[in-house]
Amino acid sequence: MIDFINNNEKAPKSLGLYIHIPFCRTKCLYCDFCSFVSRNENEREEYVYALLREIEARCTKEYLVDTIYFGGGTPSLLSAKQVGRILSIVRENFVVADDVEITLECNPMTHLGDGKEYFSALRILGVNRLSIGIQSAVDSELKLIGRRHNFEEAKQTFFDARESGFDNISVDLMFGIPSQTVESLKYSSDEFLQLGAEHISIYSLQLEEGTPLHRMCEKYDLADDDTVADMYEAVVAMMREAEYYHYEISNFAREGKESRHNSKYWRLDEYLGLGLAAHSDFSGKRLENTKDMKRYLAGDFLENEAKIPLSEREFEFIMLGLRTSNGISKSEFFEKFRIDFDEKYGEKVKKFENLGYFLQNGQNLALNERGFEVSNMILAQILDFDY
């Protein structure tokens, strides 16, 4: 049962919930997320039970939950019944908005054969957005990074979701894959565009230490920085031509289909992370859950809690805000930090503005498309950090 707000009362602040599901059928070769291979239903059920207890422990009616995001891992490994139990407990312990955005990440392999039934069940439960991790339309590239699906299977998952009533689907596209070329990336981009997804996220492959792909990287031809930049530029051009709105450096959407949950991160809105290794930005503090499964299952959820220093918040305001097409507001910056933005950063910004990387409109400052392409370099010089 969803709680409703009395219109005569002051509306509470909005809150996002991130719910971490740490299980996968297999671990991708590039993945360094907190996730584990699971083929045991009892193991997942035990985790869900612990997750429900954490949700109850975090109960608050002082916020309006307007986004819920199931991330992983592979959240689609959960049964529809398990997803329903989680959402039911959320609704019992939080005030949930009528128009809440509920996203669930989906691996193309988890529901081949019963996709229509599974996705229809999710729709009934209130899930209204899917994020499908396709990554590439080239099967040899998928195999290189340890993905279990091929592109035809990914398309089948997409079409099953569409036929089940999902009208807000995001797909992930990766670039910088070993042996990938600008031409093969263009092919993948075109195939993704033909699917007609409402949202497309693009990611440059990061070779994280300790992952199998990092250990294997000497065997492959990896794109150099210039080629990766060419790949990014090629994808951006194709998305622009297809009339997708480039609302964040790595994200493109049809009008009105931007990820409301992820936008909270870039705006520094509050969110609660629930589940193993989940992080929160809540009530001026950072909360970090334990990565130890035994501790989590025993109900010992929280690992660290720390007040966010104002200097760190200032850094994030600029760093994350300039990742978006809306950029940052200098007047809002002053309201938050009592610092004149131009006095502190104006000289550094002017340098890049003269080079044609910024759009400035009164109190608003944003990177343009050229600025997005070299944003790491620009931000590193403005904020004095190495990248």
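This is a predicted model: local features need pLDDT of at least 70, side-chain atom pairs count only at pLDDT 80 or more; totals for chains, interfaces and linings use all residues.

Colleague: How many bridges hold strand 15 and strand 17 as a pair?
Modeller: Two bridges, in the antiparallel sense, with strand 17 covering residues 364-367. Across that pairing, Ser 329 sits opposite Asn 364 of strand 17.

Colleague: And strand 1 with strand 11: parallel or antiparallel?
Modeller: Parallel, over four bridges, with strand 1 spanning residues 13-21. Ile 19 stands opposite Leu 274 in strand 11.

Colleague: Which way do the residues of strand 11 point?
Modeller: Tyr 271 and Gly 273 point one way, Leu 272 and Leu 274 point the other way, and all of them are buried.

Colleague: Switching topic, which residues make up the negative surface patch?
Modeller: Asp 224, Asp 225, Asp 226, Asp 230, Glu 233 and Glu 373 form it. Helix 8 (residues 225-241) gives the largest share, four residues.

Colleague: How exposed is Glu 233, then?
Modeller: Glu 233, which lies in helix 8, has 41% relative accessibility and counts as partly exposed.

Colleague: What about Phe 119, buried or exposed?
Modeller: Phe 119 is buried, with a relative accessible area of 1%, and belongs to helix 3 (residues 115-125).

Colleague: Okay, backbone now. Where is there a cis peptide bond?
Modeller: Between Gly 72 and Gly 73, with omega about 15°. Gly 73 is in the loop between strand 4 (63-72) and helix 2 (80-93). For context, most peptide bonds are trans, and most residues other than glycine have a negative phi.

Colleague: What is phi at Gln 135?
Modeller: Gln 135 has a positive phi of about 80°, although it is not a glycine. Gln 135 lies in strand 6 (residues 129-135) and is buried, at 6% relative accessible area.

Colleague: And where is Ala 277?
Modeller: Ala 277 is in the loop between strand 11 and strand 12 (279-282). Its phi is positive too, near 65°, and at 14% relative accessibility Ala 277 counts as buried.

Definitions and conventions
Residues are numbered from 1 along each chain as its sequence is written. Side-chain values use heavy atoms; hydrogens and water are left out. Two strands pair if DSSP finds at least two bridges between them. Patches are made of residues with over 30% relative accessible area and no salt bridge: like charges are joined within 9 Å, nonpolar side chains (Val, Leu, Ile, Met, Phe, Trp, Tyr) within 5 Å. Accessible areas come from the Shrake-Rupley method with a 1.4 Å probe; for residues, only the protein chains shown count as cover. A salt bridge is a side-chain nitrogen of Lys or Arg within 4 Å of a carboxyl oxygen of Asp or Glu. Lys and Arg count as positive and Asp and Glu as negative; His and the chain ends are not counted. The place of a charge is taken as NZ of Lys, CZ of Arg, CG of Asp or CD of Glu. Buried means under 20% relative accessible area, exposed over 50%, partly exposed in between (1.4 Å probe, protein chains only).
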